2 protein chains.
Amino acid sequence: MEDNSLDNRKKKVLQAIVEEYVNTAEPVSSTALTEHEELNYSSATIRNEMADLEKAGFLEKTHTSSGRIPSEKGYRYYVDELLKDDNISLEEIKYISEKLETKVNEIEELTKITTTTISEITHYTTVAIGPEKEAQLIEEMKFVLLGPRMLMAIILTNNGMIKETIIKFEEDITDKQVETIGYMFNQKLRGQPLAVIDVPLEEYLINEMKYSVKVIKPIIEQIKKAIDQDRQIYLEGANKSFDLPEFNSLEVAKNFVNVIDEKDLVADMLNTGFAEDINVYIGEENEKQELKDFSIVTFKHRVGDKDLGTIGIIGPKRMNYSKVISVMKYINNKLNNKNIE
Amino acid sequence: MEDNSLDNRKKKVLQAIVEEYVNTAEPVSSTALTEHEELNYSSATIRNEMADLEKAGFLEKTHTSSGRIPSEKGYRYYVDELLKDDNISLEEIKYISEKLETKVNEIEELTKITTTTISEITHYTTVAIGPEKEAQLIEEMKFVLLGPRMLMAIILTNNGMIKETIIKFEEDITDKQVETIGYMFNQKLRGQPLAVIDVPLEEYLINEMKYSVKVIKPIIEQIKKAIDQDRQIYLEGANKSFDLPEFNSLEVAKNFVNVIDEKDLVADMLNTGFAEDINVYIGEENEKQELKDFSIVTFKHRVGDKDLGTIGIIGPKRMNYSKVISVMKYINNKLNNKNIE
DNA sequence: GATTAGCAATCGAAACAAAAGAGTGCTAAA
DNA sequence: TTTAGCACTCTTTTGTTTCGATTGCTAATC
């Protein structure tokens, strides 16, 4: 294993290069760095440091005589060791607070608001997805007849979400039947994760409880379907990415549209391992090949102990990690203390 | 008013140019046209015809010595007079039929399926929006208590749509109250358009019917909000547009992403005047300036007499109008005869 | 030993020029 | 009315030159 420790001046140089490059999107030259107040050396000295940093893999050149840009390893070191997470202004704090205090009737609205706010503050494309069905426990189920052959099933979960779906039958259903179904489902499912609504349950109800296939099968099938496809994805500020110089490359732009157009890919992207509440994936660190030109910052989104899913920012590798992570940390904190009844 | 009648040969030339340009995206030269079987003339003759058509405003040149491309007037003439609407293969018919016969529990699913299918067959970006609230009549309303201060309102409309929303109160609500509310709302609103749920109704219920503000106000407000924002927009195949040569221009690409990212704009776009079931807007014919580089084909989407909203294709002016309109007509016909219970 | 000044070398970007190719418009002939 | 023929126009491509930014290295300096 190579030695990745850097002395103080090298750290400063690396940090300055990342921050400068994030701002300008242009390779950073040794002369430009001498203007940094903490780097009171001649350009030649900086050049030597840069050469060392390149040899160690933290920097790259676009061609022999160009300035340097951070490598993925460079970004990674920056994110892990150098980044400041207080890169958020008073105005931004105020704006975010106001947004998050909006009264919401449905908990999903809060996700929407948060997603939009993050996109507005960071100027990056932001996506969100609801919690996984394994993580949501059924608190109560209600069944409402909407017509002789049409039933609405409503599921209230422990994280405050409400899912409803319509089930159509091929024969009439009576009020009495609905009542029994309600009683039975609640008995069986209260406290269970949503994922439990699946074929084994269907078989149990039909075989053990002797319930009519014609009634049970459509209910289970439709609820399962609704739960699966109900993991709706919000997408905010897709156009914002197009103002970035990276998107002058048609290939990158096309790649980006392909990614955000592919809902499954976005879902996967938001669901990759969660060591921390906030996770950063830089370029090739992303599991999906399509994302190798981008960086993703994901963020477990909860209010108190209620898991509301994951919000993710997708931007260029030259992302303003400091701003993004500062904003996420602030929101994270704010939401944890939020009072939702 | 200028004379826009064209003799037969000119029509053939114009049609050939449109179709050739739609295929190749390259200006069409006189020599290329001589290879069309119906145009057995020398390139010089064709050149003369092209010069006439240009003078009359149907064609344009990109520069002095280039081939011709259709002008917007040219496309318009083509769409109105020359286009064949049987540009659909047996395989496509089969594919569409199968898709449209999928059993759906919720009527919105049918819109999704149709939208996806159109995008798959035409290879253009396709959007859909539900019917306007003026066009939907309330058939029945149900209210279900989900908690002491949480009520679900369900509205069934005459076009088979089901809208539900959650209302939260600041004080407890009793079963008795819910029952009265249900009775009252149904009495008052059955047969009325969704648009009726608004402030005047709120005032009437509070002043005339002496109902508690604390109960009525949140209900009306939340239902209104839900109806307004529930006009969800489906978007399919945004990435498909990026394969078109038009999108090699960054400006066009950016413009496109801006358009589809702006939900209100898409909604407006789908709601502009409806002379016919299928409407074509070419370039500058679009009311919105942002759409001047694109053509939109919209299509009133109904099953029997049930209005399901509007589906629209957005593509380059060099759109394959013939294919798009053939597909829409076929689907239109197919849906009209569809049996949904 | 660390730092710096100085300078040749390298490469990209921009400007310019020349050549090739595609297509038209027009004239005069069929 | 149609067509052959040809000069003319404009784009695209390719090559060349110049300019400027930046580096790496060497030798001098602190």
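**Surface near DNA strand C**

In this predicted model, α3(A) gives the most to the surface near DNA strand C, with 4 residues, where near means that a heavy atom of the residue lies within 4 Å of the strand, and where helices (DSSP H or I, at least four residues) and strands (E, at least two) are DSSP runs numbered from the N terminus. Residues are numbered from 1 along each chain as its sequence is written, with chains lettered from A and ligands numbered from 1 in the order in which they are written. Local features need pLDDT of at least 70 and side-chain atom pairs count only at pLDDT 80 or more, while totals for chains, interfaces and linings use all residues, and side-chain values use heavy atoms, with hydrogens and water left out.

- DNA strand C is surrounded by 20 residues, and the closest are A:Thr45, A:Thr64, A:Ser65, B:Ser30 and B:Arg68.
- Of the atoms of DNA strand C that come within 4 Å of the protein, 76% belong to sugar and phosphate.
- α3 (43–55) of chain A and α3 (43–55) of chain B each supply at least two residues of this surface.

**Atom pairs**
- A backbone N or O atom of B:Ser65 lies 3.3 Å from a sugar or linking oxygen of DNA strand C.

**Relation of the copies**
- Chain B is superposed on chain A by a rotation of 180 degrees with 0.1 Å of shift along its axis (RMSD 0.1 Å), by least squares on the C-alpha atoms of residues with pLDDT of at least 70 in both.
- That is the relation of a two-fold axis.

Key:
Polar contact = N/O pair within 3.5 Å; in protein donor to acceptor, adjacent residues only side chain to side chain.
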